[in-house]
Amino acid sequence: MYSLVRPLLFALEAETAHHFTLATLRAFDGLGLIPAAATAPDNCARSIMGIRFPNPVGLAAGLDKNGEYIDALGALGFGYLEIGTVTPRPQPGNPKPRMFRLPGADALINRMGFNNDGVARFVANVERSGYRGVLGINIGKNFDTPIERAADDYETCLNAVYAHASYVTVNVSSPNTAGLRDLQAGAALDALLSRLKRAQNRLAQAQGRYVPLVVKIAPDLDAAAVADIAHRLAAHRVDAVIATNTTLSRTDVATLPHASEAGGLSGAPLREQSNAVIRSLARALDGALPIIGVGGILSGADAREKIDAGATLVQLYTGLVYKGPDLVTECARALGTATAGTAASKAAGRR
């Protein structure tokens with residue numbers, strides 16, 4: 001069915017189509033018109049971070065920034081959802097247009113800029129949801145918060161969402177907030193993680209519930225940088241790592257319309273770059289913590305590549321734009337008989 005609808009959606013401006021699709025999905029869900037998603041094979045379940053994921057295919061952050069569509073998205077067969085990125089205060093994001101399709105490459109470029117309604121409204125939306133599955137919440141900093149005070153914003157968000165999350169992802173890798181990627185390396189990463197781990201421990205004691213802390217990293221890193229990040233994540237006892245966010249590279253799309261637009265590139269051209277980072281992480285971590293793979297998954301075979309590279313779970317975003325919701329079931333079935341990579345298996349066994 002999606003193949004029939006897609007030309008109509010692609011006739012709309014990309015961000016307009018995005019909001020129209022989500023609003024329509026929510027309306028259909030409210031009327032009970034979303035067909036039941038195909039059940040994933042029984043051997044799909046994965047247990048990492050002390051959480052049981054009914055299948056390893058999740059929704060990547062960025063699709064539902066405000067937690068407005070949780071119930072409808074939860075009906076599509078995902079094993080888990082990750083929503084956000086949310087910031088302490090509302091912010092409009094970057095000027096429009098800020099999302100562009102590259103159909104010749106099954107890709108998107110976006111420079112959204114953490115547009116969201118702020119953490120107070122976000123939490124209210126989550127509280128209204130009837131979704132009872134695994135829910136990751138992705139947190140970030142406001143664009144106008146100085147980088148030296150970024151930890152204040154992350155801790156504010158962590159405090160606000162902790163009680164509502166299955167896990168919390170620290171987004172230090174979006175290319176669309178100035179200076180943000182400076183937080184994913186060296187002393188800046190150490191300082192941020194030290195602060196957030198202290199907050200996590202305090203919240204766990206106060207609420208009697210440990211919520212895992214995950215870090216999402218960029219693809220635009222060489223092997224040495226990945227190894228350094230891996231060492232720091234393990235040293236701070238971070239619970240998992242998501243690889244990867246969008247890329248600034250245009251190597252494979254340079255001749256296509258919109259390729260010169262600023263922002264992060266996602267979709268098929270990111271696939272191998274993401275896989276390379278996953279492989280580097282798997283070698284550097286040697287099972288110290290699990291990896292969640294995202295970037296360029298447009299088929300079940302693509303999802304298997306992420307697992308073979310060392311991931312335990314995967315996430316989808318741009319693939320949904322080009323392939324539709326059936327991609328969720330296709331990937332879950334493809335991973336039904338997949339075994340996690342050696343490093344990921346070790347990590348899963350330790351959780």
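These legends describe close-up views of a predicted model.

**View 1. The largest nonpolar core and Y154.** The largest nonpolar core holds 95 residues. Y154 and L281 have the most contacts inside it. Helix α6 (residues 186-207) supplies the largest share of this core, seven residues. Apart from it lies another core, of eight residues, including F100, A105, A107 and L265. Beyond its neighbours within four places in sequence, Y154 contacts I139, G140, K141, V170, N171, V172, L180, L183, L192 and L196.

View 2. Strand β7 spans residues 134-139, and six of its six residues are buried. V134, G136 and N138 point one way. L135, I137 and I139 point the other way. On one flank to inspect, strand β4 (residues 80-86) pairs with β7 in the parallel sense over six bridges. Here Y80 stands opposite V134. Strand β8 also runs parallel to β7, and four bridges join them. G136 has Y167 of β8 as its bridge partner.

View 3. Strands β5 (residues 99-102) and β6 (residues 107-110) pair in the antiparallel sense over four bridges. F100 stands opposite I109 in β6. Both faces of β5 are covered. M99 and R101 are buried on one side, F100 and L102 on the other. Four residues lie between the two strands of the hairpin. D106 takes a positive phi near 50°.

View 4. Side chains of opposite charge can pair when their charged atoms come close. D152 forms a salt bridge with R195, with the closest N and O atoms 2.8 Å apart. D152 sits in helix α5 (residues 150-161) and R195 in helix α6, so the pair ties together parts that are 43 residues apart in sequence. D152 is partly exposed, at 30% relative accessibility. R195 is partly exposed at 27%. A network of salt bridges links R149, D152, E155, R195 and R202. The structure holds 13 salt bridges.

**View 5. R181 and D220, a link between loops.** R181 and D220 form a salt bridge, their closest N and O atoms being 2.7 Å apart. R181 lies in the loop between β8 and α6. D220 lies in the loop between β9 (213-217) and α7 (223-235). The two residues are 39 residues apart, and the pair links distant parts of the chain. R181 is buried, with a relative accessible area of 18%. D220 is partly exposed, at 32%. G179 also lies in the loop between β8 (167-171) and α6. Its C-alpha atom is 6.8 Å from that of I147, and G179 and I147 are 32 residues apart along the chain.

**View 6. The surroundings of T247.** T247 is found in the loop between β10 (240-243) and β11 (264-267). T247 counts as buried because its relative accessibility is 1%. Not counting residues up to four places away in sequence, T247 touches P219, D220, G263, G264, L265, L270 and Q273.

**View 7. R271 and D302, a link between helices.** The side chains of R271 and D302 meet in a salt bridge, 3.2 Å from N to O. R271 belongs to helix α8 (residues 271-285) and D302 to helix α9 (residues 300-309). The pair lies 31 residues apart. D302 is buried, with a relative accessible area of 9%.

**View 8. A nonpolar patch on the surface.** M1, L4 and V5 form this patch. Together they have about 370 Å² of accessible area. L4 lies in helix α1 (residues 2-10). L4 counts as exposed, at 67% relative accessibility.

Note on methods:
Residues numbered from 1 in each chain as written. Predicted model: local features only at pLDDT ≥ 70, side-chain atom pairs only at ≥ 80, totals over all residues. Heavy atoms only, no water. Patch = residues over 30% accessible without salt bridge, like charges linked within 9 Å, V, L, I, M, F, W, Y side chains within 5 Å. Areas by Shrake-Rupley, 256 points an atom, 1.4 Å probe, with all protein chains shown as cover. Salt bridge = Lys/Arg side-chain N within 4 Å of Asp/Glu carboxyl O. Buried < 20%, exposed > 50% of the residue type's maximum accessible area, 1.4 Å probe, protein only. Core = buried A, V, L, I, M, F, W, Y, C linked by side-chain atoms within 4.5 Å. Contact = heavy atoms within 4.5 Å. Pairing = 2+ DSSP bridges.
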